[in-house]
Amino acid sequence: MSKIFAFHGGIHPPENKKQSTRAPIRLAPIPEQLTIPIQQHIGAPAKPCVQVGEQVLKGQMIAEAQGRISVSIHASSSGTITDISPQAVPHPSGLEAPCIRIKTDGQDQWAPHQGLADYRSLPQLELIDYIRNHGIAGMGGAGFPTDVKLHLGDDHIVNTLIINAAECEPYITADDMLIRERAEQIVGGIEIINYLLNPTHILIGIEDNKAHAIRVLEDALRHTELNIDIVVVPTKYPSGGEKQLVRLLTGVEVPSGRIPADVGIVCQNIGTVAAINQAVFHGTPLISRIVTVTGGAAGKPQNLEALIGTPISDLLETAQVNHKTLSRLVMGGPMMGFTIEDDAIPIIKTSNCIIAAVKEEMPPAPPSQACIRCGLCEQACPAELLPQQLFWFSKSREFEKAKHHNLFDCIECGACSYVCPSNIPLVQYYRFAKNEIRAEEAEQRKSDQARQRFEARQARLEQAVLDKEIRRKERAEQAAKTQAAKKASNETAAKTPEDNIKQLKTAAAITRTKLKKALSALEVAKADSSDNIAQLDLQYKQADHAAEEAQKALELAQSGPQVPTTSAAPDIKQLKTQAAVARTKLKKAQQALKIAEDKGHDGADTLRATVVQLEEKSAAAQLAFASAETSTASSGSPLLALKESTDKALGTLKKAEAALETAIANNSPAAEKMKAGVVKLKAKYTEALAAQKSAELNTQTTSAPKATEVPAQNVEQQPTARTPADLKALKQNVSIMRTKLKKAETLFASAEADSEQAGELQQEIVRLTQLHKDAKAQLDAEEAGKIKAAAAQGIDLKKLKIDAALARAAVTKLERSIKKAQEAESAELNALQNELLAAQQQATQFNNTLSQFE
Amino acid sequence: MALIRITSPHVHKPTSTAGIMRLVILATLPGILAMTFFFGWGTLINIIWASALAVTFEALCIKARHRPLSFYLKDNSAILTAVLIALALPPFAPWWLTAIAVFVAIVIAKQLYGGIGQNPFNPAMVAYALVLISFPVEMTRWTAPFMLYGEGWNILAFTDTLSLIFGSWAEHADAFTSATPLDEMRHRGGLTTEEAWRASDVLANVGAWHAVSAAYAMGGVLLLYKKIFSWHTPAAFLLSLGGIATFFYIISPDTYADPFFHLTVGGTMLGAFFIATDPVSSATSNKGKIWFGIGIGCLIYIIRTWGNYPDAVAFSILLMNLAAPFIDQYTQPRAYGHKAPKRGMKGKA
């Protein structure tokens, strides 16, 4: 007896097994019509290999396995294929699936079949194939193709073989009865599996509620040489669950998401073991199985050996099910079975039980109450989950949390629902959550694939664009080279920029088109809310940028050649024209004035005023032109130009003065206006003069160092050398004027009585005042020019003057101190003399500097 | 034959929430008897009064929430809450005190949170804590066990008790009130525990409290046997309280009360078997329940010994109710086929 390792949780529902074990296994009658689904197992459906109307014999293959995980299907009895079409099949969904339908002939005539005389002489692979071709699939629940499980040797080391005879679900007794009546088949089957897998242990797990079966099995095992352990486990649902049985018998847990073979264990249902035995020793494929037909509505609950494809209705009839009391028809056990609505549904390889329940034993579920978190579900869960937490998460659709709480380790055994005091359909919630998550994941996979496809396409397109670009660049380079060659040969420099501009224009146009295209693509994408908006947006921005660049380049190229021509030239030209225009206007006005004066017109006065104004304008224009010319013409002689303009201004001024005098003499009313004009002209002249002087000074200072080198320049410097004399002359002029003015004033004062003389004198005074003013203005301008010139050299003339005066004063003071010191024969004499020397030096320096400007 | 499609499982254990509640109420019977025996009719009157109020409040709330009335009233949960409140309150608590407590428990702590199964805190303890803080005078005036008066067993007559509870409290109350042993131990002044035991009448009659505790424990063991709750919470609760009390008792027997005292007076047993095991507000997994129990045991000792209140079952349980969701996150059991349990909130969306 092996040790038992308990698993967590589990429940003890009423067993209801005794009812169906009273009678021995009976053969169910051959039905008139067999409906055999082509998929009764997990994996790929078998492929029908018979035609409608074909005669088939019992045990003849009617659909053959295709793919790695698949098994063949055989005719359960002899007859005619009537139909290969979708029919209702035993499945929780109630959906239809393709079935092969056979109208039986009642002969039950076997196809020729023969077992293997000595299976050990057959290579293992051939034996496995033999089992596959005999349609053996797991008969316990899921219907996993048995040959696959027997073919694990390559990638798994199998050390333990577990034969599952636990049959933990209530009501079901098919395995129990099989053991009781056909134990020798089981032993034979185990020997075959042992030959294929060669495990170190063989364990038969059986619940302790099958005392009879255990006894029979123990007897049967005496006849085998194999060391097979019967492990009697306590009756507890779901000890027959593969993972739970593995744990019970070995203490090992099958890792989450793995299969028992990963931990060196293979489980086989005991019914499957018997089927292997029948196939190998007798050559009979899996065409029938033992089905428990029981339940409150069954008059004679019993186990029937039914042909695969027998409609359930036939079995219900055999078991004398009372259709009046029947309230629920369940295929499988009460914990994990599913209801069937149609009793035409056939028996398949995994159908172990039909429960025809009355209302009392399977009442409709009462309304579920609130979960009080009592934790009974947790105590019952064989997978050690937290069912109530899973319930909350499933209910609130928090699927991530549900997954985190190991939802997918739930085996849907129903133990939690069974114990729930609030009647909450927990398993249904878990199924819902699982399906939602699976659907979500499938959706995710689909969208992932779509995204990958899209990205690949996008990359392809981008590569194409890049390639195109590279080719275009190559072409452009080629073109540029030929262009350069052409240019070199032609040497037409003027043509190049034009060409360049053309090219740039084309480029700009191209980029603009591209930009437009990108924009429209982007808009379309936005409208479709397509995935690649971001990408298109980027493309659009790039195009936009390129377009801007091109445009800029074009503009630059276009403006480039024109810049030099527009720089300084038009300015002077314009000024020249303006000056000329002003002169012409002035001449015309003067002519008109002359005519008017000659003819003694009334409008002469106004004309005269206009002439003065025009003169003003003309002078201004001339001045502006002259100054512009001097400033621009770097190679020309600015001084000459300035002098010219000054002379001109002087001329205009003199003319205006003469006109004014005549106007005053004629007592013209325009005299006042003319006077103002003359004053303005004078100011202009002064300005011009000052400009000339400063220019002269500039030339002098700049050319001074060069003077010794170039004697010719000395000639030019002559006017500047004249400056100090000029200043003096001006000063003198001013003082002369002042004296004259004073004299005239005195004369005027004394000659008041004589009116004639007085008038003349007054005129003289006005003239002299004017002259004095002029002289003073000239002097001031001259001085201002000096100061400016000095400032240009970084010397403040005023300050210089003050410094010079201070230096002179210091010298005088020191001279006096020395005198005193000499008188007193002081010791300080030497020091004072030194100081005096220094002061004298300084004073001389200042005077020298000052003399430069005066 | 009209068959319907129903998914598995097709059978159901004949248990119901109402049945569980009924069984828990029955399990309080030994405690009720002991309380009545030692403290008079007050406990019984309070239970009836509180139950009537609880059912009324529950019905009103269910009506206001437009839920099926009888379906929810039949679950017995309101009556269980009322019984637990009545057992926790002093036997001669005035009628209005009980009414306030029941109102708080049923309306505020339970129905406002969404009714049965939705309350994060144990309703009875919320109510108890609220009236303890709001009406300290009424709540700390317990009666001395009736074995003190006269010769032998002589409890206050039923009618007198009725008038005491529903009549004017202040007139009679003082004649019957007395401190609880926990009060005595707490306010013993400078006395050592040994001196306190000798000096205090209340402590001399501590046997009544032991008996009541034993009665509660009996009921608790019955529920354990019936698998209404698992052993984890009460065991962790009592062992941690006993353990910490033993530790300090060994360090200084003069300063700290002995562990037996801590386990058998006050609300320890009622809390361990009837309050902390309330599944709704406690931790989920077995491991979680152990931590939950340990937390309560430690908090009780800390508050009793160094806190401001003589007893601390209500506060400790409420505090641990608060911690239960957190405990749940870190005490997921290791599922079948997994090497290690999952922890934390990785599943947070």
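Which strand pairs with strand β9 (residues 160-165) of chain A, and over how many bridges? The partner of β9(A) is strand β10 (residues 201-207) of chain A, and the two pair in the parallel sense over six bridges.

## Overview

This is a predicted model. The predictor gives the complex an ipTM of 0.86 and a pTM of 0.65. Chain B has an average pLDDT of 86, and 92% of its residues score at least 70.

Chain A contains 24 helices and 17 strands. Of its 854 residues, 39% are buried. When contacts in chain A between residues at least 6 apart in sequence are considered, 71% join residues at least 24 apart.

## The parallel sheet of chain A

The pair β9(A) and β10(A) belongs to an open sheet of four strands, ordered β11-β10-β9-β12, with parallel pairing. The edges are taken by β11 (228-233) and β12 (265-269) of chain A; each has a single partner strand, so one side of each has no neighbour in the sheet. On average, neighbouring strands of this sheet are turned by 25 degrees against each other, direction ignored.

Helix α3 (residues 174-197) of chain A lies across β9, β10, β11 and β12 of chain A, and runs at about 165 degrees to β9(A). Helix α4 (residues 211-221) of chain A also packs on the sheet, where it touches β10 and β11 of chain A. The direction of α4(A) makes about 170 degrees with that of β11(A).

## A covered strand, β13

Strand β13 (residues 288-294) of chain A is mostly covered, with seven of its seven residues buried. In a regular strand, side chains alternate between the two faces of the sheet. In β13(A), Ser288(A), Ile290(A), Thr292(A) and Thr294(A) point one way, while Arg289(A), Val291(A) and Val293(A) point the other way.

β13(A) is joined to two strands. Strand β14 (residues 302-307) of chain A runs antiparallel to β13(A) and is joined to it by six bridges; here Val293(A) has Gln302(A) as its bridge partner. Strand β17 (residues 353-358) of chain A runs parallel to β13(A), with three bridges between them. In that pairing, Thr294(A) stands opposite Ile355(A) in β17(A).

## Leu34 of chain A

Leu34(A) lies in strand β2 (residues 33-37) of chain A. Leu34(A) counts as buried because it has 27 C-beta neighbours inside 10 Å, and the cut-off for buried is 20 or more.

Beyond its neighbours within four places in sequence, Leu34(A) is in contact with residues including Ser76(A), Arg101(A), Ile102(A) and Leu307(A). The C-alpha atoms of Leu34(A) and Ile81(A) are separated by 9.4 Å, with the two residues 47 apart along the chain.

## Helix pairs in chain B

Helix α2 (residues 29-39) of chain B packs against helix α14 (residues 207-225) of chain B at an angle of about 165 degrees, with the axes 7 Å apart. At that angle α2(B) is roughly antiparallel to α14(B), and the crossing is right-handed. Residues of α2(B) that meet α14(B) include Leu33(B), Met35(B) and Phe38(B), and those on the α14(B) side include Val212(B), Tyr216(B) and Met218(B).

In a second pair, the axes of helix α5 (residues 77-88) of chain B and helix α6 (residues 95-110) of chain B come within 10 Å and cross at roughly 140 degrees. This angle makes α5(B) oblique to α6(B). The crossing of α5(B) and α6(B) is right-handed. Among the residues that meet are Thr81(B) and Ile85(B) in α5(B), and Val102(B) and Ile106(B) in α6(B).

Conventions:
Residues numbered from 1 in each chain as written. Chains lettered and ligands numbered in written order. Predicted model: local features only at pLDDT ≥ 70, side-chain atom pairs only at ≥ 80, totals over all residues. Buried ≥ 20, exposed ≤ 12 C-beta atoms within 10 Å, placed from the backbone. Pairing = 2+ DSSP bridges. Contact = placed C-beta atoms within 7 Å. pLDDT = per-residue confidence, 0-100. Axes fitted to C-alpha atoms, helices over the stretch in contact; angles between N-to-C directions. Parallel < 35°, antiparallel > 145°, perpendicular 65-115°, else oblique. Left-handed = near helix turned anticlockwise from the far one by under 90°.
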